[in-house]
Amino acid sequence: MTTRIFGSGIKRREDPRLITGEARYTDDIKLPGVLHMAVVRSPYAHANIVSIDSSAAEAMDGVVAVYTSDDIGDGLAGLPTAWLIPDSDLKTPEHPALAKGKVRYVGDGVAIVLADDRYRAQDAADAVVVDYEELPAVIDPEEAAGEGAPLIHDDVEGNIAFRWVMGDREASDAVFDAADVVVSERILQQRLLPTAMEPRAAMAQYNPATQELTLWCTSQNPHIHRFIISAVTGLNENKVRVIAPEVGGGFGSKIPCYPDEALVSWASIKLGVPVKWTETRSENYLITIHGRDHVQHVEMAASNDGTLLGVRATVYAGMGGYLSTAAPGIPTILHGLLYVGPYTMGSVFCESIGVMTNGTPTDAYRGAGRPEATFLLERMVDNVARKIGMDPVEVRRKNLIPAFEDGYEVATTLIYDSGDYPAAFEKALDMAGYGDFRRQQKSAEADGRYLGIGVTAYTEMCGLGPSQVAGAVGFQGGLWESATVRVTPTGKVQALIGASPHGQGSETTLAQIIAEELGFPVDDIEVIHGDTTETPMGWGTYGSRTTPVTGAALAQASRKLKDKARVLAAHLMEANVDDIEYADGSFSVKGSPDQAQSIQEVALMAHLAWNMPEGMDPGFEESQFYDPPNFVYPFGTHIAIVEVDAETGVIDLQRYIAVDDCGPQINPEIVAGQIHGGVVQGAAQALCEGAIYSDDGQLLTGSMMDYCMPKADMFPNFELGETVTPSPHHPVGVKGVGETGTIASTPTVYNAVLDALAPLGVTQIDMPLTSAKVWSAIQSARA
Amino acid sequence: MQVAITVNGVVHERDVDPRTLLVHFLREELDLTGTKIGCDTSQCGACTVHLDGKVLKSCTLLAVQADGAEVTTIEGLAENGEHHPMQTAFWENHGLQCGYCTPGMIMASAAFVRDNPGASEGEIRHYLEGNICRCTGYHNIVKAVKQVADAAAGA
């Protein structure tokens with residue numbers, strides 16, 4: 001028996017091309033005769049466009065054309081919002097690819113320039129003269145929903161794009177009115193800049209003879225991009241080919257279809273030559289979606305003995321100047337439904353108000369709604385503990401849902417698939433040495449040193465999701481995946497998937513699933529993705545869904561092949577099918593082990609088809625469409641230990657312990673990598689990241705000089721542990737792990753810092769916890 | 001302007017627009033697209049190359065300033081068809097995910113370890129401040145660099 005490939009932390013199959021610089025990302029691809037597009041962008045957050053003069057730009061060397069919204073006319077339809085939350089009085093204001101008469105955020109496109117060189121295109125864009133009439137702007141979502149705020153879209157009254165209510169307000173009031181203890185806090189979930197290291201890019205090539213458009217772009221979901229590009233250009237979907245080549249991270253920011261992809265497509269159709277656009281980082285910060293941006297008014301009710309009774313919140317969620325592709329689903333379905341977390345709490349209520357502002361549009365950013373829910377929950381649990389004088393760990397321990405193996409319905413109506421929250425919780429506390437830490441903390445305080453610990457228990461829903469649920473909640477698509485396992489005559493495997501990984505290592509993980517199911521060496525398996533013409537339909541890589549959903553499709557397609565192979569092997573060996581035994585890629589006859597057919601031999605015979613059983617078709621290839629019956633619910637406990645320097649406000653993150661349960665780990669190294677990266681992304685929200693706007697809507701953190709990206713020296717080595725609770729409904733039991741780190745780490749680090757500051761009387765600081773803010777809070781508390 | 005720049009051992013003579021950044025020269029003129037662009041402000045380090053043996057962010061230099069220099073990019077790091085030890089260490093330690101920061105990260109780390117064999121974890125983390133990764137949380141990058149640093153100290 002060879003080492004089992006499933007569960008082995010093998011090296012990634014995608015790495016040889018990445019460590020040598022041979023991988024080709026969108027901007028690396030060149031086409032002869034390509035024109036470069038630069039976009040003239042609004043310098044104002046809110047303004048009427050009075051006039052546009054492009055004559056000087058048009059006269060410049062190398063410039064082929066300058067186009068405005070008037071030139072496009074009805075050549076491009078507005079960009080659609082594709083998550084239409086029902087029963088929320090949703091308004092979907094028009095989102096033209098180039099602004100028509102009015103700009104609504106800094107960076108809103110006003111005109112495009114096509115030139116033979118990217119430097120010249122940018123020069124010409126700078127030479128387009130736009131006369132604006134500036135209007136008052138509003139950035140804060142709560143302010144934008146208030147009286148007298150400037151109206152951003154004429155057809156979105158009061159700037160309120162939707163109002164979504166979850167739960168029964170009166171029932172919630174009754175719980176809160178009767179509770180021993182109610183704690184409350186205004187929580188600011190600051191805007192974050194996703195910052196995939198590869199900026200977005202798009203290149204379109206239209207062939208007038210065949211009327212086919214090929215679009216290379218930085219996409220997490222090329223099939224959705226094809227769908228939308230077809231819709232906005234009017235080309236038939238089968239004449240649009242979208243290719244997501246190597247994609248350098250997404251974190252949600254490469255889910256939406258943006259104006260830029262539509263504009264290169266339109267320009268290529270118009271001019272009949274390839275057109276390319278690559279954003280700069282400054283442009284990325286202005287126009288690629290931002291994440292979070294909630295103002296939350298949160299309350300939690302509890303008994304004096306620490307029993308959690310209910311949570312409720314009013315959320316003002318900033319949508320920015322337009323409603324991005326999936327935006328309405330983020331602060332609603334993906335947020336409110338997580339309000340119970342891992343606890344036995346019986347009452348939940350959420351009113352989430354989507355508000356148009358003059359900021360960059362927001363949309364899904366790693367975790368998407370679930371970090372914002374987990375943060376408020378964990379923050380309030382700590383507040384309850386403080387109020388009743390109980391150890392926050394005891395409060396959590398008392399309220400954790402006990403272990404369950406197959407289905408647990410919670411107050412939000414979700415049915416969690418499986419979990420053993422207490423096991424992960426106790427394991428993490430053991431790893432951290434919780435009891436010892438509390439003693440150290442006391443003695444450190446006596447020396448004037450401030451240590452703190454934050455403990456987060458979480459669960460989350462991912463592996464999005466059953467399509468029926470998607471339809472019921474207004475998602476304008478399915479959420480199944482499909483896959484084809486194709487074996488060549490020589491016994492090599494091509495696995496074609498509709499999802500579109502962009503850094504997750506799925507070429508390796510998914511190959512390990514096939515290797516486990518069929519016994520092919522993992523090096524003989526190629527996972528092919530990202531090209532709508534080569535791959536079967538799929539809805540994309542986001543929501544921690546590729547391993548759970550695509551992985552299930554591949555496992556099931558592999559099992560179909562195995563069934564076929566078993567029948568064919570029996571036929572070839574003149575044995576009864578029931579007498580065929582399978583092990584490690586070999587089919588043998590029970591009792592005569594010398595009689596065997598390898599999977600490769602069977603594949604060859606299936607292709608030759610010289611001697612097939614009655615009724616069996618030739619070939620060795622199977623496809624599977626897989627629609628998950630439920631979400632998957634990974635869970636765990638994260639713990640952070642910090643020391644805060646009370647004289648400077650500087651936070652030292654000393655230890656970080658993460659115990660996560662994502663079911664059986666296919667490749668533990670890849671799982672660990674997802675957790676490491678997620679933890680840093682979430683911890684950085686607590687510690688340093690935050691998009692800052694001026695009152696008139698200028699993004700002040702518009703480059704990496706001003707926006708605090710997490711760096712290597714801000715973090716310790718992470719201490720990871722795991723428990724393994726398989727998902728009962730999944731063919732190989734796995735749950736998603738792409739977002740857990742981000743979901744758990746923000747409250748963990750935040751609560752650790754506030755724990756350290758408790759002796760100093762500090763009870764609340766808006767994120768991010770920069771040293772300046774921490775220092776000021778200490779001074780205020782002392783005063 | 002005429003320039004002659006040796007890149008990965010080959011001399012390239014070109015007539016370039018004086019404002020062309022070295023990174024654009026490498027990517028557009030020479031089609032060496034392994035060197036990436038991740039910011040406009042020299043923070044991210046995705047464009048890191050070696051210039052006359054020193055670590056350099058190639059977005060901070062004009063191509064004309066590199067006239068007569070020897071440049072090594074990620075494509076030129078391997079020798080005799082063998083990965084550089086830093087490339088191997090990144091692969092073995094899962095020191096990359098999306099791969100976009102990786103060429104710059106490897107170029108910076110290779111020069112750092114060459115000059116600082118036996119560097120400590122703290123020194124590595126401090127040095128890597130000039131290279132930003134959004135995927136890995138740095139944990140496995142630090143592990144990879146430490147592996148090469150330890151091996152270099154032992155040699």
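**Figure 1. The contact between chain A and chain B in the predicted model.** In this predicted model, the contact draws on 44 residues of chain A and 44 residues of chain B. On the side of chain A that touches chain B, the elements giving two or more residues are helix 1 (15-19), helix 9 (281-287) and helix 19 (668-687) of chain A. Helix 19 of chain A provides the largest share of that side, with 7 residues. Sorted by class, the side of chain A that touches chain B holds 16 nonpolar, 16 polar and 12 charged residues.

**Figure 2. Domain 1 of chain A against domain 3 of chain A.** The domain assignment divides chain A into domain 1 (18-135 + 197-249 + 254-287), domain 2 (291-464 + 630-782) and domain 3 (480-626). Between domain 1 of chain A and domain 3 of chain A, the C-alpha centres lie 40 Å apart, and 17 residues of domain 1 of chain A are in contact with 14 residues of domain 3 of chain A. The elements that give two or more residues to the side of domain 1 of chain A that touches domain 3 of chain A are helix 7 (222-233) and strand 11 (240-243) of chain A, and helix 7 of chain A gives the most, with 4 residues. That side of domain 1 of chain A is made up of 8 nonpolar, 6 polar and 3 charged residues.

**Figure 3. Helix 11 of chain A and the residue that follows.** Helix 11 of chain A runs over residues 370-388, and its 19 residues reach 27 Å from the first C-alpha to the last, close to the 27 Å expected at 1.5 Å a residue. Because 16 of the 19 residues of helix 11 of chain A are buried, this helix is largely enclosed by the rest of the structure. Just after helix 11 of chain A, G389(A) adopts a positive phi of about 70 degrees.

**Figure 4. The buried face of helix 4 of chain A.** Within helix 4 of chain A (residues 118-127), the residues R118(A), A121(A), A124(A) and A125(A) are buried. Viewed down the axis of helix 4 of chain A, its buried residues fall within an arc of 125 degrees, and therefore line one face of the helix. An α-helix has 3.6 residues a turn, so residues three or four places apart point the same way. The cover over the buried residues of helix 4 of chain A includes strand 1 (35-41), helix 2 (55-58), strand 3 (63-68) and strand 5 (109-115) of chain A.

**Figure 5. Chain A as the setting for the close-up views.** Chain A contains 21 helices and 28 strands. The radius of gyration of chain A is 27 Å, close to the 28 Å that the globule rule gives for 783 residues, so chain A is as compact as a globular protein of that length. Taken along the principal axes, the C-alpha atoms of chain A fill a box of roughly 90 × 75 × 50 Å. Of the 783 residues of chain A, 59% count as buried, and among contacts in chain A with a separation of 6 or more, 81% are between residues 24 or more positions apart.

**Figure 6. The two assigned domains of chain B.** Chain B is assigned domain 1 (2-76) and domain 2 (85-154), and the centres of these domains of chain B, taken over C-alpha atoms, are separated by 22 Å. Their contact takes 14 residues from domain 1 of chain B and 11 residues from domain 2 of chain B. Strand 3 (residues 48-51) of chain B supplies the largest share, 3 residues, of the side of domain 1 of chain B that touches domain 2 of chain B. That side of domain 1 of chain B divides into 6 nonpolar, 7 polar and 1 charged.

Conventions:
Residues are numbered from 1 along each chain as its sequence is written. Chains are lettered from A and ligands numbered from 1 in the order in which they are written. This is a predicted model: local features need pLDDT of at least 70, side-chain atom pairs count only at pLDDT 80 or more; totals for chains, interfaces and linings use all residues. Two residues are in contact if their C-beta atoms, placed from the backbone, lie within 7 Å. Ala, Val, Leu, Ile, Met, Phe, Trp, Tyr, Cys and Pro count as nonpolar, Asp, Glu, Lys and Arg as charged, and the others, Gly among them, as polar. Domain bounds come from an automatic or database domain assignment. The expected span of a helix is 1.5 Å times one less than its number of residues. A residue is buried if 20 or more other C-beta atoms lie within 10 Å of its own, exposed if 12 or fewer, and partly exposed in between; C-beta atoms are placed from the backbone. The arc is that of the directions from the helix axis to the C-beta atoms. The radius of gyration is taken over C-alpha atoms; the globule rule is 2.2 Å times the number of residues to the power 0.38.
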